[in-house]
Amino acid sequence: MSVDNNTKGKIIAAQGNLMTVRFNGDVRQNELVYVKTEGISLKGEVIEINGDTAKVQVFEPTRGIKYGDEVVFDRELLSVELGPGLLKSVYDGLQNPLEDIAKEAGYFLPRGMYLSPLDKEVKWKFTPIAKPGDSVERASYLGSVPEAVIEHKIMVPFNFPGKGTIKEIKPAGEYTVLDEIAKIEDETGKVHSVTMTQKWPAKFPIRFGERLFPDKPLYTACRIIDGPFPVAKGGTFCTPGPFGAGKTVLQHQISKNAHAQVVVIVACGERAGEVVEVLREFPKLDDPQTGKKLMDRTTIICNTSSMPVAARESSIYVGTTIAEYYRQMGIDTLLLADSTSRWAQALREMSGRLEEIPGEEAFPAYLSSRIAEFYERAGVVLNKNGDAGSLTIGGSVSPAGGNFEEPVTQSTLAVVGCFLGLSRSRSDARRFPAIDPLISWSKYLDRFRDPKVESSGKRIDTIKMAQKNLVEGDEIGKKMSVVGEEGISMEDIITYLKGEFYDAVYLQQNAFDKVDTATDANRQQEQLDIVEMVLRKKYNFENRDAARKYFLNLTDKFIQWNYTAREVAEYKEQKVQILEMVKG
Amino acid sequence: MLKTYNKIEKIKGSIAQVKAENVTLGELAHVRLKDGRSTLAEVISFNEDDVNLQIYQGTKGVSTGDQIKFLGRPMQVAMGDSLLGRVFNGSGDPIDNGPEIMENKIDIGGPSFNPSKRIIAKRMVKTNIPMIDMFNTLVISQKIPIFSVAGEPYNDLLARIASQTDADVIVLGGMGLKYDDYEFFRKYFSESGALEKTTMFIHTASDPVVECILVPDMTLAVAEQFAIQNKNVLVLLTDMTAFADAQKEISISMEMVPSNRGYPGSLYSDLASRYEKAVDIDGSGSITIIAVTTMPGNDVTHPVPDNTGYITEGQFYLNGGVINPFGSLSRLKQNVMGKATREDHGDLANAMIRLYADAKKARDRESMGFRLSEWDKKLIKYEELFEERIMSLEVNLDIIEQLDLGWEILAGCFDKNETGLKNEWINKFGKWDK
Ligand SMILES: Nc1ncnc2c1ncn2[C@@H]1O[C@H](COP(=O)(O)OP(=O)(O)O)[C@@H](O)[C@H]1O
Ligand SMILES: [Mg+2]
């Protein structure tokens, strides 16, 4: 590193979180700094350098800072500490462990308290994979430790220069993250001591290996997603919607049920109370995939709305880096951020203070490229050890006034693979999840057509047929509200009722019913088969009333069936009754 | 050692600039004007020894030769039981002719609560108002706005809630209030006996705009101190749109780039950092916030109600003098309905709202001149009873009495099997003859 260790600085101007620092020596763009004031050190980041002054954004409340306060330059960029122990942790936007902070400081978040993200005392059961003499490079597996629900691979540090040779490696045994587990000699003959932990700058992707095309579904147990608007493992999706439309409930649903091995939840600038539900519930809820607790596969990054705005941006990057770290081990990871709009607003606040030329709605001109860079960190990576891991990213968006024609939604739509748009009209009508099936789209649907598996193509065709019916039904519904039912043909009425039926029994799903809340793949197929029969059937009704009554009754029976657990006796009976109605 | 300066270099908007040394961000200064007035001011930025002060009383009449004394501390508010029954302005000065309170000063705008120390909200706030308790139950630590428009009786509603609830302490923050409104609160509380447990911070429309911004912080700092001391505190804020407008005015005068209809880009954070003070402290007290938000042009997509909606846990719509049962939502109600109340609560509330929605449709049919069915007639009778006995804000009943009243109204309008309610509840709680 070329940066001078002796760089010194002092505060010469301050406004809000933006400091101007005069320094002597070298300064790195985005380097961390500590502002010393009132006996504490406040973390900040260099965001602009001009001659002998630098602009620094401080991540914490800046009250008490004065002209001449000392600034210490750290030389490191904002980094994430990686290693066993990340799972089950709850961090703030700078990777401070919030539970440890509470132990030290009580109810409130004190300024300038930075604790170690990983427990340095706990011993992990290490089993070596590599052996002395092996040739390695960065991200090569050295060994593994069991962590919660996964085999955590200990890898050659990501900043290791070029090729290396293992000189020594510790035998199987119990070690802390600070214990040396290997000595590796690089090409220049220098020997590096390696532990189970390493640091990585949050704004640089961890992606060592070959990128693969995301073509496998990430199953979510949410029918409207897995059906018409699926998400790929390693793909991206967004959930914009007005307040109260159900973005957070949906994200929580996905974080519980998605078939990922590791889930990172970034609570970015939204309510603390919602994180608390996750914090308190996940340790008690079973993970159906592993039989362990949901918390065992989860890391939470929590920078809620009253926490420092400046650390909102970093919260997203810290979460992404942790998720990428697990992906590098060949693990399927999922990152959920609620809400990316708050991160964009944090960028806007800082850009305003820097007096940059504002773009639309005062967001900075680089907003879209930042959003694109973030979603680009998703993907499938085949590492050199031969394992493929994926990182799927889902971000909620909170558009002003619920209007999607705003910069954050538009920039997001330009880069994601799947758009799940939540609408006020659906949430008002209590059609949950309020993902609007008429505006949403997924670029992944056709990718999952596997030529070797015939049923995969058939399923997609059925879903497309159902969606077509839904669109036609909606057109008819609109017409009906203008001309009245009398002006609509019987055939059209039936199409309309079929669309409503598909919507009610398949697309809608009650998050608060303990059975309906998550539907496994087999059951989804069972439901879809019956929906298909109904949609394809040629019905003859005496009159409109009879048609309405039939569909009302069928819908009611179907929803009751959706609420019935597969294990109970009524499950089969109810299905038989529905089939009788459909066939009879 | 307090530093005093006698030369103001620049005055613009609410900001005055002085050359001063050893001054800290957020520090408070005392400005003594030549005309005998005095005001507090706060350091909002500095560039070397050029210090920008935001003058709480505004810069009107401030002279370049006025005396500025830096106090070496940030804005503070007094604390303790002596605050109860008292009224202060946004700067914390008494406006009720009572003595100034000097003891136990604490900084306002303190640090935020550690999320990992929060608990899931599950205690009910009883307001004895059926449109809240029964249909959109309020929960301790909830933050919820009353979305309304000028002219609606939102302050009456706040006063009524304050007087009927069992909160230990009430802290009222008034922003942009008319003098009459302030008098109304004072009288209402003293008549209802709530005054003894109430502290008020009042900014009236004629007071300086900077003081408006201080009101929520003063209010919440006091509330937080009571909450830590094991008190359940109800915070009432009215009107948060005046607060947002004050933020707008000041940010524009400071030449900040506005983001949406003139409001600063930080509007969301400005509102959230206040609302998020709502908390239920494990093993101690709590803060619950009800905040009036008037909607300019009755438009919920206006930046103030819109940003508020993203922050709060639901909303009450107050229009036509009643809480609208359709748009209103308490996002936390399921945490207490049927659990902290009575087992039939949730189902009864849903059935009653559903029937009320049906009744509204029957009314539409009536007004369009259609012949009404027997069922329509029943619904219309129900609608009348519902509006008179349940929706009226005058009603003051315990939640159990509210539920019984609900059953009574149903029994008075419908047959047992017409309500769609479970037989289990009908047999246990129904008011039909056996
Ligand atoms: N899938 C669902 N099923 C039932 N109710 C839902 C569902 N999703 C949302 N809701 C209701 O909508 C409310 C708001 O949802 P939330 O996710 O908090 O909205 P947002 O994050 O978009 O503001 C919830 O409190 C709940 O009452
Ligand atoms: Mg949300």
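**Exercise 1. A helix pair in chain B**

At roughly what angle do the axes of helix H5 (residues 240-253) of chain B and helix H6 (residues 267-275) of chain B cross, and within what distance do they come? Then work out how to describe their orientation. Keep in mind that you are looking at a predicted model.

*Solution.* 
1. Start with the axes: they come within 11 Å and cross at roughly 135°.
2. Next, classify the angle. Angles over 145 degrees count as roughly antiparallel, and 65 to 115 as roughly perpendicular.
3. Finally, find the residues that touch. H5(B) brings B:Met240, B:Phe243, B:Ala244 and B:Gln247, while H6(B) brings B:Leu267, B:Asp270, B:Leu271, B:Arg274 and B:Tyr275. Sorted by class, the contact holds 6 nonpolar, 1 polar and 2 charged residues.

**Exercise 2. Strands around E23 in chain A**

Which strands does E23 (residues 379-382) of chain A pair with, and in what sense?

*Solution.* 
1. Take strand E18 (residues 210-212) of chain A: 3 bridges join it to E23(A), and the two run antiparallel. Within this pairing, A:Arg211 has A:Val381 as its bridge partner.
2. Turn to strand E24 (residues 388-397) of chain A. E23(A) pairs with E24(A) over 4 bridges, in the antiparallel sense. Here A:Val380 stands opposite A:Ser390.
3. Look at the link: the hairpin of E23(A) and E24(A) has 5 residues between the strands, and A:Gly386 takes a positive phi near 95° in this hairpin.

Technical notes:
Residues are numbered from 1 along each chain as its sequence is written. Chains are lettered from A and ligands numbered from 1 in the order in which they are written. This is a predicted model: local features need pLDDT of at least 70, side-chain atom pairs count only at pLDDT 80 or more; totals for chains, interfaces and linings use all residues. Side-chain values use heavy atoms; hydrogens and water are left out. Axes are lines fitted to C-alpha atoms, for helices over the stretch in contact, and angles run from 0 to 180 degrees between N-to-C directions. Angles under 35 degrees count as roughly parallel, over 145 as roughly antiparallel, 65 to 115 as roughly perpendicular and the rest as oblique. Contact means heavy atoms within 4.5 Å. Ala, Val, Leu, Ile, Met, Phe, Trp, Tyr, Cys and Pro count as nonpolar, Asp, Glu, Lys and Arg as charged, and the others, Gly among them, as polar. Two strands pair if DSSP finds at least two bridges between them.
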